[in-house]
Amino acid sequence: MPGKTKAIQQKAAVSEPPSLQERTMSVYAVIFYLLAVLILTAAGFAVTRRNAVHAVCGLIVSFLGTALLFYLLGAPFLAAMEVIIYAGAIMVLFLFIIMTMKVEADGDRSRPRVRRWAFPLVIGAVSLTAITILVWVGPENRLPLQTAMAAPSAFGTVLFRRYWPAVEIACFLLFVALVGVLYLGRAGPKEDQSFPEKNP
Amino acid sequence: MIVPYDHILILAVLLFLTGAACVVARRTLIMILIGVEIMLNAAGIALVGGSLKWGVLGGQVFVIFIMAVAAAEVAVGLALIVHSHRRSGSVEADHYHLMKG
């Protein structure tokens, strides 16, 4: 009997650190859920705006939240890349194009707004239900993930040692995109006529 | 200890569906591109979560390639939008039916 009490006491002593750990775990979980709400709210704000500039601003908030989420999930290099590439370069490109073109607001009044959103919402609800069921019956995903951090040097080593052909392909893709953009962006014959030369 | 991988997946799915609804429902080409960006971002979240779950860096590496693809896609897409705006004076998807060079 005394041995059993001792064992229980030992068990209680062992199970005390997990309660502390549980508290820190819940801090990470709370951060995750806050970030999830932030990301989803900002994305929802972005897709429902009529003004494209407002949509881009909402998207920037969503991407910054995603960068924090990447940091939480152990990818600091990707967090930096998310801020630089997505929230920086791509969104500035969007703003630049929107502001140069004087885009009018989404002025489709032929169909009412409810009917325009009904079909996507129904499809979205159905697929959300299906995927939630799939995720729910999936095996061994209930356990909380352990925190980990991938150092940028380890990341770069893996990227350039193991995946260098993919890096080359991505470079080629960017080059092709550059050529395509230059081809599409050149002034057509109409524009040449509409802008007469200054010194005839 | 963070959350289960389930919750990360569900977040990614919700974000992906937000982007997909934007692509389907909006008419402006710029809003369609924004929806595609949101979808690519959701795929990145799922990949980073999987990378953490299985302790393999391949998921994070793939997110870098997603970013490269997103950059190329946005560049070409915005050039197409400028092209369409020059041709037809509109950025509505329905007015862009002339794919001549």
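**Entry 1: the model.** I am working from a predicted model, and I kept that in mind throughout.

**Entry 2: how much of each chain takes part.** I looked up the contacts and found 65 residues of chain B touching 82 residues of chain A. I then turned to area, since the size of an interface is often given as the accessible area lost when the parts come together. Chain B and chain A bury about 6900 Å² between them, and carbon and sulfur atoms give 76% of that.

**Entry 3: which elements of chain B do the touching.** I listed the elements of chain B that give two or more residues to the side touching chain A, and they are α1, α2 (29–54) and α3 (58–88). The top contributor is α3(B), with 24 residues. Sorted by class, that side of chain B holds 47 nonpolar, 11 polar and 7 charged residues.

**Entry 4: polar links.** How many salt bridges run between chain B and chain A? I got a count of 0. Polar contacts do turn up: 8 residue pairs across the interface, both partners at pLDDT 80 or more.

**Entry 5: the largest pocket.** I noted a space of about 200 Å³ in the largest pocket. Which elements supply at least two residues each to its lining? They come from both chains: α1 (2–48) and α4 (113–137) of chain A, and α1 (5–25) of chain B. The most comes from α4(A), with 6 residues.

**Entry 6: who lines the pocket.** From chain A I wrote down A:L40, A:V47, A:W117, A:P120, A:L121, A:G124, A:A125 and A:L128. From chain B the lining has B:L14, B:L17, B:T18 and B:A21. By class I have 10 nonpolar and 2 polar residues there, with no charged ones.

Methods. Residues are numbered from 1 along each chain as its sequence is written. Chains are lettered from A and ligands numbered from 1 in the order in which they are written. This is a predicted model: local features need pLDDT of at least 70, side-chain atom pairs count only at pLDDT 80 or more; totals for chains, interfaces and linings use all residues. Side-chain values use heavy atoms; hydrogens and water are left out. On a 1 Å grid over the protein atoms alone, a cavity is a set of points where a 1.4 Å probe fits but cannot get out, and a pocket is an open set with protein on both sides within 12 Å along at least five of seven lines; lining residues have an atom within 4 Å of a point. Grid points are joined across faces, edges and corners, and a volume is the space filled by probe spheres set on the points. Helices (H or I, at least four residues) and strands (E, at least two) are DSSP runs, numbered from the N terminus. Ala, Val, Leu, Ile, Met, Phe, Trp, Tyr, Cys and Pro count as nonpolar, Asp, Glu, Lys and Arg as charged, and the others, Gly among them, as polar. Contact means heavy atoms within 4.5 Å. Buried area is the accessible area (1.4 Å probe) that two parts lose on being put together, summed over both. A salt bridge is a side-chain nitrogen of Lys or Arg within 4 Å of a carboxyl oxygen of Asp or Glu. A polar contact is a pair of N or O atoms within 3.5 Å; within protein, one must be able to donate a hydrogen and the other to accept it, and residues adjacent in sequence count only if both atoms are side-chain atoms.
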